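Subject: Structure handover

Hello,

Please find the structure below. My notes on it come after.

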Amino acid sequence: RVDSDLCRFATCSDFSTIREGFRTNNRTEFFQYTVDVGATASFQILPTILSRTSVGAQYFKNLFQRNGASAEILPPGATTVTQGAIKDADEATTDTRTLGGFIEESISWRDRLFLTGAVRFDDNSAFGADFGGVVYPKVSASWVISEEPFFRFGDWLNQLRLRAAYGASGVRPGPTDALAFFETAVARLDAEELPGLALDALGNTKLKPEKSTEVEVGIDGTFWNNRLNVDLTYYNKLSEDALIQRVLPPSLGTGATTRFENLGAVRNSGFEGLLSVQLIDRPSFAWDVSLSGSTNKNVLEKLGGVPPIIGATTRQIEGYPLNGYWGRRIESFSDANNDGIISLNEIVVSDSSVFIGYSAPRHEVSLNTGVDLFNKRVRIAALADYKGGHKLYNNTERFRCNSDL
């Protein structure tokens with residue numbers, strides 16, 4: 001990727017020294033390497049029991065390399081970095097690697113009961129030096145109960161499946177979050193200035209990935225010759241060891257004021273559902289409708305002793321959702337002088353900031369419908385989408401109010 005920008009002398013906006021011209025030329029390369037090896041073996045343990053075992057390993061490498069050059073104050077007619085009076089150059093490299101392996105065992109009984117267990121191990125270059133790796137387990141079960149002899153509900157029910165699963169996954173830290181960095185500094189010894197090094201980032205040798213464990217239970221059904229399908233799922237997900245920037249005391253003597261530590265815990269729970277139906281299915285005309293929806297409850301369970309993280313409009317506070325909106329709520333207002341304008345001294349707000357609402361949707365609903373014409377050669381589709389249970393920050397109106405427009 002090449003990013004290039006040029007503003008000739010006396011052709012830029014009249015702001016600061018930009019009017020004198022500038023030139024930038026940044027060149028970036030992205031490399032991605034993947035190796036994936038796997039094998040699967042199936043065994044007929046008994047006439048009614050089938051076993052399948054899978055093993056595999058993966059290796060991923062992402063390499064980012066960037067070189068940049070820039071210059072300010074270009075003479076008339078100049079178009080290159082070399083011709084600038086004030087030159088600057090920078091270089092950046094990020095190398096991230098992951099090595100993982102897994103083993104999975106699946107057992108099916110009479111093609112109606114399915115049990116699966118798996119374990120995965122991952123190691124990543126972004127982990128702290130004292131953290132060896134992470135293990136992610138998985139267990140799931142699925143039972144096609146409609147195949148059982150005791151389960152009979154007539155021809156209108158084609159299939160009914162019960163399912164449950166437990167699994168874990170993770171999110172690695174940033175490529176350099178665990179590393180200590182130094183910067184050049186001037187040291188004074190015996191009234192003499194000497195070149196030296198100072199800590200710019202403390203690093204964290206015990207840094208590990210954010211780990212999420214999730215439990216799901218659900219039911220799937222098809223009815224009336226597979227023309228109606230229903231999927232319902234409940235999930236409960238706990239993300240632990242969440243990466244949070246802890247404020248460092250000045251006495252440590254580092255240039256950085258924070259460092260990443262595995263401190264937080266966040267829980268998400270809710271329901272997901274899908275209903276799809278084929279209302280009409282003929283060669284000349286077909287009509288189908290599907291309705292999907294989901295709910296989510298998000299709670300920051302702990303910050304690991306870190307004080308609440310307070311931003312301009314959002315905050316991270318235990319017991320409340322991530323990135324929740326906080327502000328001083330309007331208690332009342334009235335046009336006391338009857339001039340038809342509500343002024344600031346006629347508005348009463350709360351003494352302190354209170355929780356206003358979620359910044360991300362809690363409820364989502366989507367309705368899809370489509371018709372097929374001319375032996376399904378032409379399809380016309382429509383979509384209606386709803387998101388609710390949250391607030392939207394009107395930054396445009398905020399800007400207008402602050403600017404007295």
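Predicted model: local features only at pLDDT ≥ 70, side-chain atom pairs only at ≥ 80, totals over all residues.

Residues are numbered from 1 along each chain as its sequence is written, and side-chain values use heavy atoms, with hydrogens and water left out.

Disulfide. A disulfide is a covalent bond between the sulfur atoms of two cysteines. Here the term is applied to a pair of cysteine sulfur atoms within 2.5 Å, and by that rule the count is one. Cys7 and Cys12 form it, with their sulfur atoms 1.1 Å apart. Cys7 is buried, at 10% relative accessibility, and Cys12 is buried too, at 6%. Buried means under 20% relative accessible area, exposed means over 50%, and partly exposed lies in between (1.4 Å probe, protein chains only).

Strands are DSSP runs of E with at least two residues, numbered from the N terminus. Two of them pair if DSSP finds at least two bridges between them. Strand β8 (residues 181–189) and strand β9 (residues 192–201) are antiparallel and share nine bridges.

Aromatic pairs. Rings of Phe, Tyr and Trp (its six-membered ring) pair if their centres lie within 6.5 Å; planes under 30 degrees apart are stacked, over 60 edge-to-face, and the rest tilted. The structure holds eleven such pairs. Phe223 and Trp224 are a tilted pair, because their ring centres are 6.2 Å apart and their planes are at 50°. Phe223 is buried, with a relative accessible area of 14%. Tyr320 and Phe355 are also tilted, at 5.3 Å centre to centre and 45° between the planes. This pair links distant parts of the chain: Tyr320 is in the loop between β16 (314–316) and β17 (324–327), and Phe355 is in strand β20 (residues 354–357), 35 residues apart. Tyr320 is partly exposed at 32%, as is Phe355 at 24%. One aromatic cluster is formed by Trp156, Phe223 and Trp224.

Surface. Val217 is found in strand β10 (residues 210–223). Val217 is partly exposed, with a relative accessible area of 39%.

Regards

Notes. Helix = DSSP H or I, 4+ residues; strand = E, 2+ residues; numbered from the N terminus.
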